[in-house]
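Please read these points with the model open beside you. Each one picks out a feature to find and look at.

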Amino acid sequence: MISGVSIYEILILSTIIFFIGVYGFFTRKNLIAMLMSIELILNSAALNFVVANKYLFPGNIEGNIFSLFIIAIAAAETALALAIVINLYRLIMSLKTKDLETMKY
Amino acid sequence: MDLSFTALILIIPILTFLVLGLNYSRIKEPWSGIIGSVAIGITALISYYTAYLYFFEIGKDADGVYQKIYAMNMVWVYFTDTLHIDMGILLDPISAMMLVVVPTISWMVNIYSIGYMHKEGGFTRFFAYLSLFTFSMLGLVLATNLFMIYIFWEMVGVSSYLLIGYYYNKPSAVLASKKAFIVTRFADFGFLLGILFVSYYGKTFDFGVLSSQAFISEMQMQGTAFMGLSVITWALILIFIGGAGKSAMFPLHIWLPDAMEGPTPVSALIHAATMVVAGVFLVARLFPLYFFMDGGVALDVVAWVGAFSTLFAAIIAFSQYDIKRVLAFSTMSQIGYMMLALGVSGYDGHEGLGFMASMFHLFTHAMFKALLFLGAGSIIHAVHSNYMQDMGGLRKYMPITHITFLIAALAISGIPPLAGFFSKDEILVASLIHQKYLIFGVTYAVAGMTAFYMFRLYYRIFWWNEPHYHHTPHEAPKTITIPLLVLATMTLISGFIPFHSLVTADGKAFHTHLHWDVIIASVGIASLGIGFATIMYKKQNMLSTRFRAAFGLFYKWSFNKFYMDEVYMFVTKKIIFNGVSRPFAWFDRHVVDGAMNGVGNGTMWISDKVKGLQSGKVQDYAMYFVSGVVFIAMLFWYLLN
């Protein structure tokens with residue numbers, strides 16, 4: 001319980017972070033930047049878990065554990081995604097999304 | 001007693017067909033003929049034994065009435081308890097009689113063909129087809145139900161098609177085989193409809209049930225269906241259309257003269273003696289139904305079609321020059337005889353004289369007409385021509401052919417004591433005692449005409465003036481003359497078979513009486529016909545030319561077969577093709593095809609537009625996904641509030 005801060009402000013914050021992430025994922029031209037946007041989305045979700053746990057069920061710890069899971073999964077995902085990015089870079093010497101359209105119709 | 005050996009009658013020919021057909025190139029010339037002849041010979045002996053057994057040992061019940069005996073019968077396709085398609089062997093007087101006719105002719109034709117088809121291409125193929133035909137025809141006569149007879153009916157059609165088109169590199173033969181198949185197939189459509197009607201309303205295919213009195217009265221109870229006739233009568237008329245197609249009755253006869261393009265033994269076997277009487281056999285098979293339904297309206301149709309065809313064909317036979325075509329039209333005329341005899345017949349006892357006469361004539365006609373055709377084949381073999389202009393004076397060169405041909409010609413003309421006299425006489429008596437005077441008049445006139453055109457043929461071939469032959473004609477080899485002699489013997493004696501105690505409509509024997517007035521009248525008109533022919537054709541003279549000129553237009557019509565082929569061409573090409581087929585083709589091409597193409601093109605157009613969505617950019621896909629999620633979220637929001 002943080003004094004002077006209600007659950008709504010924190011939820012609004014996490015919503016803002018989420019949509020910044022979505023916006024970034026849609027608009028960035030670089031794969032690394034897209035990856036960072038995904039991290040933002042995941043972070044907002046983790047934040048939601050923690051806040052919900054803290055404000056609604058203070059005696060429990062499931063929300064905290066879930067946010068730890070999310071951090072772990074985010075780490076694994078980032079590792080995998082970076083591996084793909086590196087391989088792609090070796091293949092086409094570029095990380096621009098417009099150069100990655102060969103899978104279209 | 002165990003009659004399962006009768007299955008061999010069908011098994012041996014089909015096995016022969018398979019052996020010869022599968023070893024088509026391995027079995028060489030004389031051997032395929034010998035295999036075929038021996039196999040059909042064995043079939044014939046078993047058939048004779050079966051017929052003997054039926055007529056003299058097991059056929060009669062305690063009252064001396066011939067029964068239908070199912071030698072074997074097994075369910076093949078099951079629909080309901082009463083409606084099922086069986087495969088089996090039915091023995092009754094007419095099938096037992098056909099068991100004598102079909103294998104005899106087939107056996108003789110097989111032996112004959114060894115000589116006749118010598119050095120023809122596809123010798124083995126020919127004998128394979130002959131066995132196939134024999135199998136189909138025997139299956140047809142032994143069938144236990146309408147559907148089985150229909151299957152074998154189509155199979156004889158196929159064998160006939162294959163054999164007419166035997167010389168498949170000759171365009172006229174190919175056309176003739178197609179014509180025969182299409183015309184008979186067209187007629188068989190009527191047969192099929194008839195079968196469907198009978199099975200739908202009568203709920204059975206079985207001949208035993210179909211000809212029982214209980215079935216007939218039950219069907220009669222159902223009342224009328226269309227134009228005052230019961231549905232079964234209409235079905236019988238449709239079935240008769242099928243019979244008329246196979247038996248070359250007017251107006252479905254047009255295939256028969258063209259079918260003479262096939263080898264002559266084939267004409268003798270299929271288009272004279274056996275297959276073309278299948279229509280007569282079919283009507284005889286369903287005779288109780290034809291006779292009793294609606295007081296025999298369908299039977300009257302049979303009688304009039306038969307009477308018209310017999311006269312029509314006899315007139316055409318006057319003016320033809322191709323000897324096989326003369327014989328073809330005479331076949332048509334004689335089958336018309338059989339049809340009209342069935343048509344005027346009654347049912348009980350002596351009333352059933354027409355039925356007996358028809359079957360009798362079928363039997364004797366098979367013998368002497370096969371003999372005539374085989375004789376004609378022997379002549380064609382000697383002079384290498386079908387036309388009587390190329391013949392004349394052959395009696396000196398071919399004595400055996402001459403004598404046997406003369407016997408057959410006398411028989412068909414109805415001169416006692418040959419076979420044709422007895423059977424034709426019974427037909428005349430039958431039409432007279434049933435007071436069908438117009439039919440009697442036609443029959444009587446045709447008897448004289450038959451005598452005339454047969455002796456025109458005989459004199460033109462064997463007398464007249466000798467043309468210049470390139471090779472001196474000589475008598476045919478023994479394989480050809482022996483069948484001729486056998487069939488001539490049959491022609492001499494088969495008139496004395498007591499048909500009235502063996503093959504009758506109701507299975508009971510009856511007594512026939514000699515009608516001296518009819519005998520004298522018929523022999524008189526036959527002698528008149530022969531006499532005219534003798535005057536006109538024995539020695540070369542100008543009489544026939546003068547007659548031809550005198551008849552003028554009528555002769556022309558007869559010579560051109562009353563333009564029936566042209567009528568058919570007009571109806572099919574001008575009316576059906578233009579009036580029906582062309583609009584259908586237009587509809588097919590524009591509406592049906594158009595709809596199909598429209599669906600295809602529409603799909604292509606839409607997919608062409610839609611494929612732009614698949615840009616390959618992962619961000620676009622995420623965009624669609626998120627839009628979808630937002631949309632669904634808003635939808636739920638709306639629905640839940």
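1. Start with confidence. Chain B of this predicted model has a mean pLDDT of 86, and 99% of its residues reach 70 or more. Here pLDDT is the predictor's confidence in each residue, from 0 to 100. Confidence in chain B is lowest in helix α22 (residues 543-551), at a mean of 76, and highest in helix α25 (residues 618-640), at 92. The model scores ipTM 0.83 and pTM 0.78. Where pLDDT is low, the predicted coordinates should not be read in detail.

2. Next, the ground rules. Residues are numbered from 1 along each chain as its sequence is written, while chains are lettered from A and ligands numbered from 1 in the order in which they are written. As this is a predicted model, local features need pLDDT of at least 70, side-chain atom pairs count only at pLDDT 80 or more, and totals for chains, interfaces and linings use all residues.

3. Now the overall build of chain B. Its secondary structure comes to 25 helices and 2 strands. Helices (H or I, at least four residues) and strands (E, at least two) are DSSP runs, numbered from the N terminus. The C-alpha trace of chain B spans about 110 × 65 × 55 Å along its principal axes. Of the 641 residues in chain B, 51% are buried. A residue is buried if 20 or more other C-beta atoms lie within 10 Å of its own, exposed if 12 or fewer, and partly exposed in between; the C-beta atoms are placed from the backbone.

4. How far apart in sequence are the contacts? Two residues are in contact if their C-beta atoms, placed from the backbone, lie within 7 Å. Take the contacts in chain B between residues at least 6 apart in sequence: 79% of them join residues at least 24 apart.

5. Look at the core. The largest nonpolar core has 213 residues. Such a core is a set of buried Ala, Val, Leu, Ile, Met, Phe, Trp, Tyr and Cys residues joined through C-beta atoms within 7 Å. Y290(B), M359(B) and A370(B) have the most contacts inside this core. Helix α16 (residues 353-383) of chain B gives the most to it, with 20 residues. Which residues does A370(B) contact, leaving aside its neighbours within four places in sequence? They are I105(B), M108(B), A268(B), A272(B), A273(B) and L487(B).

6. Helix α3 (residues 93-116) has 24 residues and reaches 34 Å from its first C-alpha to its last, close to the 34 Å expected at 1.5 Å a residue. The expected span is 1.5 Å times one less than the number of residues. Because 24 of the 24 residues of α3(B) are buried, this helix is largely enclosed by the rest of the structure. Helix α25(B) has 23 residues and reaches 33 Å, close to the 33 Å expected.

7. Find the strands. Strand β1 (residues 69-78) and strand β2 (residues 84-91) of chain B run antiparallel, joined by 8 bridges. Two strands pair if DSSP finds at least two bridges between them. A hairpin of 5 residues joins β1(B) to β2(B). I69(B) stands opposite L91(B), and V75(B) stands opposite D86(B).

8. The peptide bond from F250(B) to P251(B) is cis, with omega near 0 degrees. P251(B) lies in the loop between α9 (231-246) and α10 (255-258) of chain B. Another cis peptide bond joins P416(B) and P417(B), with omega about 0 degrees. P417(B) sits in the loop between α17 (399-413) and α18 (419-433) of chain B.

9. For M93(A), phi is near 50 degrees. M93(A) lies in the segment after α3 (62-92) of chain A. For H384(B), phi is about 55 degrees. H384(B) lies in the loop between α16 and α17 of chain B. Why does H384(B) count as exposed? H384(B) is exposed because 12 other C-beta atoms lie within 10 Å.

10. Finally, the chain contact. It takes 9 residues from chain B and 9 residues from chain A. On the chain B side, the residues divide into 3 nonpolar, 4 polar and 2 charged. Ala, Val, Leu, Ile, Met, Phe, Trp, Tyr, Cys and Pro count as nonpolar, Asp, Glu, Lys and Arg as charged, and the others, Gly among them, as polar.
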